[in-house]
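Let's walk through this protein together, one question at a time. Have the sequence and the model open beside you.

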Amino acid sequence: MIKLGAVTGAVVALPLEKVAATVFGPSWSAAAFSRPLPVPTPMRPSRLRLDRDVYDLTVDKSTAEIVPGVRTPILSYNGTFPGPMIVARRNRTVQVNVHNRLAADTAVHLHGGNTPQASDGHPLDVIKPGASRTYLYPNRQPAATLWYHDHAHHMEAEQVYRGLSGLYIVEDAVSRFRLPSGKHDIPLMFRDVNLGVDGTMTWELFGQPNRSTVLVNGVAQPHLTVQRRRYRLRLLNCSNERSMRFTLGNGASFLQVASDGGFLPRPVSRTEVVLWPAERAEVVVDFAPFKAGTQIMLENADGEVDTAKQLLRFDVAEGPGLFNADTSYVPATLVPAPADRKPTVTRKVVLSFDAANGVFLINGKQFDPERVDFTVKRGSTELWEITNTDTQFQIPHSLHLHLIQFKVLDRDGVKVPEWETYPKDTVRVLPGSTVRILATFDSEYTGVYPFHCHFVDHSSVAMMAQMRIVP
């Protein structure tokens with residue numbers, strides 16, 4: 001009755017079905033785990049050239065069936081939600097032609113990519129409505145799970161939220177043949193939304209508390225049938241602001257083999273995997289010990305309600321059969337451990353909130369595209385001390401560096417666990433905490449590149465700075 005009374009004054013202004021939805025719940029409903037998981041398949045190149053693979057992406061409005069029977073308006077690459085998955089080969093160039101059919105600016109950033117400045121997707125280097133742009137990705141970097149997303153300044157938060165993101169995977173022989181591959185290599189993109197009573201995605205800046213539905217590859221609470229064998233799961237948190245703590249039910253566990261920018265030196269057994277926005281982890285899960293018919297839930301242990309907690313159900317089936325034997329294995333050593341280099345420069349990076357003006361700051365300054373904050377010598381190694389001073393409002397932040405991967409040393413003087421050391425391009429920084437990273441600028445590229453908080457609602461409100469990499 002309290003709920004009914006609260007909407008009485010609005011009855012004359014709302015259609016009957018809107019009033020009913022407000023009082024009795026959404027006009028859509030979906031039985032949990034009734035839909036199969038959509039598994040991304042590699043996008044086919046538009047053209048193959050001797051020196052590169054060419055892809056075309058059109059940015060436009062579209063719709064997606066996030067909940068059964070309801071078409072939700074989205075922003076999309078090539079009409080899909082999430083965007084198409086591009087699988088690249090190490091050291092072979094990918095050319096992406098992006099055509100903007102929106103009425104707003106857009107820019108595409110390959111997150112984690114070792115790319116020249118002209119193809120970095122700088123927030124001010126935008127594609128105007130009706131225009132096109134070509135991005136070149138040389139892929140001169142280790143095999144890794146990357147992703148691409150909108151980066152047009154002041155607009156990236158809403159445009160990423162509404163759908164402008166997709167997977168970009170760099171593969172090499174080690175990645176393809178030493179771990180589960182093909183149909184046993186499952187990419188999983190997680191992001192949260194606030195679904196309105198009519199199935200639309202409601203947008204508000206800093207709206208994470210109301211984004212109570214977590215989507216997996218674009219749908220809520222799907223299921224996936226798996227055989228009794230090993231699977232490789234590529235986990236990506238592409239939420240604007242939500243952090244996630246992944247766990248598996250029925251005693252299943254993760255064997256983490258990779259972080260943001262590629263393989264760990266050795267696999268690490270884990271019972272939970274924490275990913276903040278933009279972080280990635282590749283894990284191997286062995287379903288062989290479980291009987292056919294077993295159901296194993298992938299959960300976000302930090303979810304507030306079931307739609308944000310119970311994310312994906314694995315349904316174990318028989319297999320593999322005689323002619324589908326599980327020949328995958330996880331070697332004890334994946335890649336050589338990187339050698340530490342002595343830093344020649346120490347930098348302070350302070351993350352804060354200016355409550356009076358409602359903006360986020362780096363080193364006390366709002367983002368200014370005309371200002372270069374750090375000048376960095378290419379090939380040098382630097383020690384960055386990153387401090388989050390937002391203790392009054394307990395605001396978490398992360399820091400993402402474009403162009404390179406770095407090593408996380410410690411958090412408040414305590415050495416970080418081995419799965420959070422290297423290779424990383426985004427690091428979480430709790431309120432009142434200081435994190436130290438060792439950044440070697442070993443890319444062949446020079447120019448101006450951003451670094452920013454990857455809570456994109458924060459970066460769109462001034463929490464960004466620039467570094468100029470010089471020869």
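Q: Which residues does Val216 touch, not counting residues up to four places away in sequence?
A: This is a predicted model, where local features need pLDDT of at least 70, side-chain atom pairs count only at pLDDT 80 or more, and totals for chains, interfaces and linings use all residues. Residues are numbered from 1 along each chain as its sequence is written, and side-chain values use heavy atoms, with hydrogens and water left out. Contact means heavy atoms within 4.5 Å. By that rule, the residues touching Val216 are Leu37, Pro38, Leu188, Met189, Phe190, Pro222 and Leu311.

Q: Is Val216 buried or exposed?
A: Val216 sits in strand β12, residues 213-216; strands are DSSP runs of E with at least two residues, helices are runs of H or I with at least four, and both are numbered from the N terminus. Buried means under 20% relative accessible area, exposed over 50%, and partly exposed in between, with a 1.4 Å probe and protein chains only. Val216 has 0% relative accessibility, so Val216 counts as buried.

Q: Which strand holds Ile296?
A: Ile296 is another buried residue, because its relative accessibility is 0%. Its contacts, leaving out residues up to four places away in sequence, include Leu248, Ala252, Phe287 and Leu312. The strand that holds Ile296 spans residues 295-300 and is β21.

Q: How many residues does the largest nonpolar core have?
A: A nonpolar core is a set of buried Ala, Val, Leu, Ile, Met, Phe, Trp, Tyr and Cys residues joined through side-chain atoms within 4.5 Å. Among the residues with the most contacts inside the largest one are Trp384, Leu399 and Phe451. A second, separate core of 30 residues includes Leu248, Ala252, Phe254 and Leu312. The largest core has 32 residues.

Q: How far apart in space are Ile296 and His452, C-alpha to C-alpha?
A: In sequence, Ile296 and His452 are 156 residues apart. In space, their C-alpha separation is 37 Å.

Q: What is the radius of gyration of the protein?
A: The protein has six helices and 33 strands. The globule rule, 2.2 Å times the number of residues to the power 0.38, is compared with a radius taken over C-alpha atoms. For 471 residues the rule gives 23 Å, and the protein comes close to that, so it is as compact as a globular protein of that length, with a radius of gyration of 22 Å.
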